[in-house]
Amino acid sequence: MDWSRTRQGYLLTGDCTRHIHLWTPRESDWLVSQQTFSSHGSSVEDIQWSPNEDHVFSSCSTDKSIRVWDDRAPAHKACMITVPNAHDSDVNVLNWNRSEPFLVSGGDDGVIKIWDLRKIESHAALFKHHTGPITSVEWHPSDSSVFGASGEDNQVSLWILELRVLSLSLSTIPRFHLNSCLSTKDKRKSKNCTGIPTFLEYLSQRRLTILTFSKLYPCDLLRCEVQECA
């Protein structure tokens with residue numbers, strides 16, 4: 001399910017019988033549309049409202065497809081874009097970029113894909129790192145080039161598209177503070193660590209191979225390996 005960010009109180013829900021329902025707020029309750037969006041061939045796995053367009057939303061399914069809808073159209077004609085076989089198996093999750101016309105999706109195949117809505121016939125980028133199904137994907141709320149993903153392989157990955165940087169989350173590695181991974185010169189630049197944004201700024205000058213953040217202390221790293229950019 002997903003709440004609209006642009007229309008207060010509007011909700012979308014999907015079910016295992018391939019139907020998507022629109023919930024419209026009333027004075028004291030919600031009106032659930034009986035005209036369902038039903039173009040998927042099997043279970044609806046995720047639904048996401050567009051962060052910018054009031055009536056547009058996307059969905060993914062165990063039928064391997066991704067679809068983009070406009071709820072102003074009659075339900076049987078509301079599917080405006082279909083990407084069949086978007087993944088090799090079930091498409092589990094997807095998320096809209098808040099600034100750019102991009103979707104990120106993750107599937108049971110362990111693959112993460114980026115889709116450009118201006119030319120969605122094929123994916124704009126593909127990342128294969130996780131060794132299990134993808135369970136969550138989400139764009140950074142203010143940096144349109146950064147997104148995170150998680151999988152059933154017990155890993156969390158951070159991706160910076162313009163640098164193609166990958167970070168791994170592994171819980172068994174000794175912990176080091178961010179400053180212990182920087183040179184003396186870099187330590188002077190970093191000043192006081194203020195969390196992930198500060199470190200992402202540092203990454204723009206280095207090539208990161210492995211990165212792990214502490215869950216309790218965002219500035220603490222469990223592991224960090226960097227290389228000078230060529």
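Let's start with Asp 109, which sits in the loop between β10 (102–107) and β11 (111–116). The model is a predicted one. Asp 109 is buried but makes no salt bridge: Lys 113, the nearest side chain of opposite charge, is 5.5 Å away, and a salt bridge needs a nitrogen-to-oxygen distance within 4 Å. Leaving aside residues up to four places away in sequence, Asp 109 touches His 87, Asp 88, Ser 89 and Lys 128.

Elsewhere, charged side chains do pair up. The count comes to four salt bridges, and three of these are set out here.

| Salt bridge | Closest N to O distance |
|---|---|
| Asp 71 and Arg 7 | 2.4 Å |
| Arg 72 and Asp 70 | 2.7 Å |

Asp 71 and Arg 7 form a salt bridge that links distant parts of the chain, 64 residues apart: Asp 71 is in the loop between β7 and β8, while Arg 7 is in the loop between β1 (2–3) and β2 (11–14). Asp 71 is buried at 13% relative accessible area, and Arg 7 is buried at 13% too. In the Arg 72 pair, Arg 72 is exposed at 57%, whereas Asp 70 is buried at 13%. Arg 26 is partly exposed at 48%, and Asp 29 is partly exposed at 33%.

Now to the strands. An open, antiparallel sheet of four strands runs in the order β5-β6-β7-β8. Its edges are β5 (44–49) and β8 (79–83), each pairing on one side only. Neighbouring strands are turned by 20 degrees against each other on average, direction ignored. Strand β7 (residues 66–70) pairs with β8 over four bridges, and Trp 69 stands opposite Cys 79 in β8.

Methods:
Residues numbered from 1 in each chain as written. Predicted model: local features only at pLDDT ≥ 70, side-chain atom pairs only at ≥ 80, totals over all residues. Heavy atoms only, no water. Helix = DSSP H or I, 4+ residues; strand = E, 2+ residues; numbered from the N terminus. Buried < 20%, exposed > 50% of the residue type's maximum accessible area, 1.4 Å probe, protein only. Lys, Arg positive; Asp, Glu negative; His and termini not counted. Contact = heavy atoms within 4.5 Å. Pairing = 2+ DSSP bridges. Axes fitted to C-alpha atoms, helices over the stretch in contact; angles between N-to-C directions.
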